[in-house]
Amino acid sequence: RQEIYDMQNLLSFLSNPRDNHALIGILRSPIFGITDDIIHLIGTSGFAGQPFWQKLKTMVAQRNAGYESVASARNCLSSWIADAGCIPVNELLRRIIQATSYDIVLLSLPNGHQRSRNLWKLVHVATQNEHMTCSQFVEHLKLMREFRVKQADAPLDNGSAVKLMTIHSSKGLEFHAVALPILG
């Protein structure tokens, strides 16, 4: 799923800031939504062979108008690079999602509810592998893809969830317990 690729690219970049492809992928993704035109301008600036991350930081330092989104991306990425070596991957993912509201952005896209659930399922997988570093977790995701380990989409409905409905719509349905509030 694309939302998983986006987070994998982000974690890949955080573990290796010289990964130009991962950086360009996350800049173009809904996480930051930077246009291809701006990415092209950044890529053609600076010295040949210079990492894209360095070119981006140089471009932001020039404070040109229209690069506010790039400056915001640089600030976030710099902070997350520092966090990547200090905190578990699941906590890092939670901070990223909270800072960017990526799960809410996904909700606005086609099939958004499923995409958002898949994102949180990735956080759950990271929680199960919290002993891994950022780079190890990225490698784990790559190996899962390489060996075609299929993960089902995250369930949209949790069977143990509380369901709120009218008395009329609950008639005839099989529930273990029914609570009727405000019976006066």
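## Overall fold

The chain contains 10 helices and zero strands. Read from the N terminus, its elements follow the order α-α-α-α-α-α-α-α-α-α. The model is a predicted one.

Of the 184 residues in the chain, 36% count as buried. Among contacts with a separation of 6 or more, 60% come from residues 24 or more positions apart.

## Nonpolar core

The largest nonpolar core has 46 residues, of which Leu14, Leu27 and Leu77 touch the most other members. Helix α1 gives the most to this core, contributing six residues. In soluble globular proteins, nonpolar side chains tend to be buried together.

Which residues does Leu27 contact, leaving aside its neighbours within four places in sequence? They are Phe32, Gly33, Ile34, Ile39, Phe52, Leu56, Ala73 and Leu77. One of these partners, Leu77, is itself named with Leu14 and Leu27 as touching the most other members of the core.

## Helix α2 and its cover

Ala22, Leu23, Ile26 and Leu27 are the buried residues of α2. These residues lie on the same side of α2, because the arc they cover around the axis is only 130°. The elements covering them include α1, α3, α4 and α5.

## Ile39 in helix α3

Ile39 belongs to helix α3, which comprises residues 36-44. Its relative accessibility is 7%, so Ile39 counts as buried; the cut-off for that label is under 20%.

Ile39 lies 12 residues from Leu27 in sequence, and the C-alpha atoms of the two are 7.9 Å apart in space. With neighbours within four places in sequence left aside, Ile39 is in contact with Ile24, Leu27, Arg28, Ile34 and Phe52. Among these, Ile34 and Phe52 are also on the contact list of Leu27.

## Aromatic pairs

Two aromatic pairs are found in a search of the whole structure. The ring centres of Phe13 and Trp53 are 5.2 Å apart and the ring planes stand at 70°, so this pair is edge-to-face. The pair links distant parts of the chain, with Phe13 in helix α1 and Trp53 in helix α4 (residues 52-61), 40 residues apart. Phe13 and Trp53 are both buried.

The other pair, Phe32 and Trp80, is tilted, at 6.1 Å centre to centre and 35° between the planes. This pair too links distant parts of the chain: Phe32 sits in the loop between α2 (20-28) and α3, Trp80 sits in helix α5 (residues 68-84), and 48 residues separate them. Phe32 and Trp80 are buried. Phe32 is also one of the contacts of Leu27.

## Helix α8

The buried residues of α8 are Gly112, Gln114, Ser116, Asn118, Leu119, Leu122, Val123, Val125 and Ala126. They pack against four helices: α1 (2-15), α6 (89-100), α7 (102-107) and α9 (134-146).

Notes. Residues numbered from 1 in each chain as written. Predicted model: local features only at pLDDT ≥ 70, side-chain atom pairs only at ≥ 80, totals over all residues. Heavy atoms only, no water. Buried < 20%, exposed > 50% of the residue type's maximum accessible area, 1.4 Å probe, protein only. Helix = DSSP H or I, 4+ residues; strand = E, 2+ residues; numbered from the N terminus. Contact = heavy atoms within 4.5 Å. Core = buried A, V, L, I, M, F, W, Y, C linked by side-chain atoms within 4.5 Å. Phe/Tyr/Trp six-rings, centres within 6.5 Å; stacked < 30°, edge-to-face > 60°. Arc of directions from axis to C-beta.
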